[in-house]
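Me: I'd like a close look at a single part of this protein. Keep it brisk, please.

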Amino acid sequence: MTERELIENQFIYGRPAMRPTLRTWIKHILLLAVTFCTATVAGTLFPFGRLPIFPESDPQTAAELIRFLVMLPVAYAGLVVSAVENIINNPAELAYGLSFSISLLFILLCHEMGHYIACRIYRVDATLPFFLPTPPMIGPAGTFGAFIKILSPLPSRKAVFDIGVAGPIAGFIALMPVALIGYMTMTFGTMEDVRSGNVDPISFSNPLFFELLEWFVVADPSLPRDPNAFYFAAWVGLLITALNLIPSGQLDGGHAVYAVLGEKVHYWCGRIAFIIMAVLSVAGMYFYNSPSGFLIAILLGVMMRVRHPNPMDQSPLGTKRIVIALLTLLIFVSCFVPFPIQIN
């Protein structure tokens with residue numbers, strides 16, 4: 001390191017990290033509260049809940065299709081109002097929606113606080129978690145997740161690594177008991193249900209973590225599942241963890257690859273991940289009728305164009321962090337599915 005870099009590094013470590021003001025706390029708590037409401041409503045709607053969202057009959061003619069599209073905003077507003085009334089008047093639906101939203105927000109909060117606490121340890125300025133509420137169905141889970149924004153330079157590759165992996169590790173640990181509760185309280189169908197051939201219009205692909213959990217917990221995995229709110233919250237948590245750990249751009253996996261293998265490998269990893277996902281998205285649509293791979297490919301297309309900041313201290317990570325990197329890779333493998341949602 002140059003003398004100037006040593007001085008800058010000393011300055012960063014020698015000062016306290018930025019502390020949020022009362023106004024900042026109020027803003028972030030309000031975002032969390034709105035997200036809590038939208039996620040609770042979303043938890044009661046299809047595909048996570050029991051309230052259907054599709055019209056009773058599909059449009060058959062061009063005129064019917066035009067009328068359906070014109071009336072869609074009104075129908076959507078009516079659906080949301082109906083869901084809210086259902087939650088207010090039906091304690092069981094309220095409990096179901098709360099089981100989904102509280103479990104999901106707990107996972108998201110643990111993920112982001114992993115990043116935030118690591119930032120505090122390295123005295124890196126960062127915001128509190130921003131929760132992103134979305135109208136139910138527009139964001140199927142009532143949220144597009146959460147994020148923190150880093151506001152000061154990262155002092156070292158060790159800081160890049162620790163801050164990057166702290167989030168997905170904390171989120172993965174948080175979702176484990178949620179997933180276990182989901183499977184312990186899940187109901188299962190019978191072989192008669194299997195023979196009937198009745199299937200939902202949308203099915204969720206099980207990541208490896210769920211497959212292993214089923215092997216330990218479920219007596220007969222061949223029987224059809226009736227997923228519940230805890231299962232869906234853990235499933236969304238696994239999807240978010242997997243997406244964040246893809247080695248591209250400034251995703252958590254991109255930070256880890258940059259810290260472990262350097263700038264050049266990080267550059268090519270992002271591009272290779274995009275090409276692989278683009279090919280998989282086409283294959284997924286053709287073989288599995290799954291459009292979800294295209295959304296992941298678009299995300300990676302954006303991420304690979306985001307330049308990663310260079311930390312001042314380029315010292316190697318050491319054996320301990322290499323082991324943690326391998327464990328983080330195992331988390332990614334256990335969470336990732338190339339086609340999360342399939343249309344039946």
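Predicted model: local features only at pLDDT ≥ 70, side-chain atom pairs only at ≥ 80, totals over all residues.

Which residue follows α10, and is its phi positive or negative? Take me through the helix itself too.

Reply: Gly262 follows α10, and its phi is positive, near 100 degrees. Residues are numbered from 1 along each chain as its sequence is written, and side-chain values use heavy atoms, leaving out hydrogens and water.

Now the helix. α10 covers residues 252-261. Helices here are DSSP runs of H or I, at least four residues long, numbered from the N terminus. Eight of the ten residues in α10 are buried, so the rest of the structure largely encloses it. Buried means under 20% relative accessible area, with a 1.4 Å probe and protein chains only. The buried set is Asp252, Gly253, Gly254, His255, Ala256, Val257, Tyr258 and Ala259.

What do they pack against?

On confidence, pLDDT is the predictor's confidence in each residue, from 0 to 100. The protein's mean is 84, and 85% of its residues reach 70 or more. Over residues 1-13 the pLDDT is below 50, and this stretch has 17 contacts (heavy atoms within 4.5 Å) beyond near neighbours in sequence.

How values were computed: Buried < 20%, exposed > 50% of the residue type's maximum accessible area, 1.4 Å probe, protein only. Helix = DSSP H or I, 4+ residues; strand = E, 2+ residues; numbered from the N terminus.
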